[in-house]
Amino acid sequence: MKLADNKATLSFTNGSPSVELPVYQGTIGPDVIDIRKLYGQTGMFTYDPGFLSTAACQSSITYIDGDKGELLYRGYPIEQLATKCDYLDTCYLLLNGELPNGGQRDDFHKLVLKHTMVHEQMQFFLRGFRRDAHPMAVLTGLVGALSAFYHDSTDINNPEHRHIAAIRLISKMPTLVAMAYKYGKGEPYMYPKNELSYAGNFLRMMFGTPCEEYEVNPVLERALDRIFILHADHEQNASTSTVRLCGSSGTNPFAAIAAGVACLWGPAHGGANEAALNMLEDIQANGGIEKVGEFINQVKDKNSGVRLMGFGHRVYKNYDPRAKLMQETTNEVLEALGLHNDPLFALAKKLEQIALEDDYFVQRKLYPNVDFYSGIVQRAIGIPTKLFTGIFALARTVGWIAQLNEMIADPEYKIGRPRQLFVGSPRRDVPELSQR
């Protein structure tokens, strides 16, 4: 961190002496006021529900400028990475800080694709779940269980263990997600095939059967790879902060990532694209494209309680940079599969048109976001809505690992311990039973 020339001064109206606080500068983005000694100097904490104005760490991995609509991985714009690199290139970048050269790229791809199989006993572990269990419930259990199967890489303070765990998690997540899907369908698991790409292998494990050879559609392969890239990391969001907080206790990497999976399950976080698809299906069930105008009027009515899912973003106050990329991918996939006239996708395109042209949405910058488009693409590919968040977890795993490794290697890191503003009863004595 670079110490700024200026300092912040905190003054009080009750006559208490002012306090000078150091200010640090990042490479880009807002400066931060260092309040680590605030309690010792004043006996006070800061109050920031949701940590919306608090930098809990220093990081060199991902940067977001919500006003500009900018997303950078290690300094590279997401638009360039999504068009010039594949997902495993992006994984290498997030883990190592730089894009791989030719030799490094070949070695990393081979390393990841060589470790896609999981321990055979994971199949028996799966049998403990009901067939109709939510895939995220299954995935949370499977990822947490990896520490029981691969206990030779569970020391989070050992860099070699962290590296081995990272490769295992990135390699095996597609296999675990596909197994969770196949288990729910009652179909046999498909073993990975190392000669395929990361995304191609996943498609085969999802939709292939032992009855016939599965041919990977290159358009769907590229689409899925792009979804993985766009979801690989997103700065200090809820699940990433969960992974960091969990890992700060010294727990093993598999447990920390399982905590991230559990957090991602929330509909306000990783379930956003599932919510967008559910909204489209509800509109379709209630009249379809003919009723879009009526639905939009309900959205504009603040008292209706109807929300437009998949539009706007908490972070991006401008256009989500990932959305334009996914918009292109959506059109490619629908064209390749001949689905442009499918009623649900026609409905989605109509909603997209309204959001981009209607002054109500334009003025409020409620543009379609990445969740809106990624949900459409996944449904077109054949991925069930319940599994959308599992795909998200698969893609985000590398970001969680990179953030976890960065935290553990930071000499300033401490176990997370947020403070509180206590508003309950002050100290009191327990009365006798007869006096209660």
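Mentor: β4 (62-65) runs antiparallel to strand β5 (residues 70-73), and four bridges join the two. Strands here are DSSP runs of E with at least two residues, helices are runs of H or I with at least four, and both are numbered from the N terminus. Two strands count as paired if DSSP finds at least two bridges between them. The model is predicted, so local features need pLDDT of at least 70 and side-chain atom pairs count only at pLDDT 80 or more, while totals for chains, interfaces and linings use all residues. Residues are numbered from 1 along each chain as its sequence is written, and side-chain values use heavy atoms, with hydrogens and water left out.

Within this pair, Thr 62 stands opposite Tyr 73 in β5. The open sheet has three strands in the order β4-β5-β6, with antiparallel pairing. β4 and β6 (76-77) are at the edges with a single partner strand each, so one side of each has no neighbour in the sheet. Strands in a sheet pair through backbone hydrogen bonds.

The loop between α1 (38-42) and β4 holds Tyr 47. Tyr 47 is exposed, at 63% relative accessible area; exposed means over 50%, buried under 20%, and partly exposed in between, with a 1.4 Å probe and protein chains only. Together with Leu 421 and Val 423, Tyr 47 makes a nonpolar surface patch of about 400 Å². Such a patch joins nonpolar side chains (Val, Leu, Ile, Met, Phe, Trp, Tyr) within 5 Å, like charges being joined within 9 Å, and its residues have over 30% relative accessible area and no salt bridge. The areas come from the Shrake-Rupley method with a 1.4 Å probe, and for residues only the protein chains shown count as cover.

Strand β1 (residues 2-10) and strand β2 (residues 19-25) run antiparallel, joined by six bridges. Lys 2 has Gln 25 in β2 as its bridge partner. β2 is also joined to strand β3 (residues 32-33) by two bridges, again antiparallel, and there Val 23 stands opposite Ile 33. The hairpin of β2 and β3 has six residues between the strands, and Gly 29 takes a positive phi near 95° in it.

A salt bridge (a side-chain nitrogen of Lys or Arg within 4 Å of a carboxyl oxygen of Asp or Glu) connects Glu 20 with Lys 7, with the closest N and O atoms 3.8 Å apart. Glu 20 belongs to β2 and Lys 7 to β1, 13 residues apart. Glu 20 is exposed at 51% relative accessible area, and Lys 7 is exposed at 54%.

Last, the buried side chains. A nonpolar core is a set of buried Ala, Val, Leu, Ile, Met, Phe, Trp, Tyr and Cys residues joined through side-chain atoms within 4.5 Å. The largest nonpolar core has 112 residues, of which Leu 176, Phe 228, Leu 280 and Leu 351 touch the most other members. A second, separate core has five residues, among them Val 19 and Val 23. Beyond its neighbours within four places in sequence, Phe 228 is in contact with residues including Tyr 198, Ala 199 and Phe 202, contact meaning heavy atoms within 4.5 Å. Tyr 198, Ala 199 and Phe 202 are among the buried residues of α8. Nine of the ten residues of helix α8 (residues 198-207) are buried, so the helix is largely enclosed by the rest of the structure.
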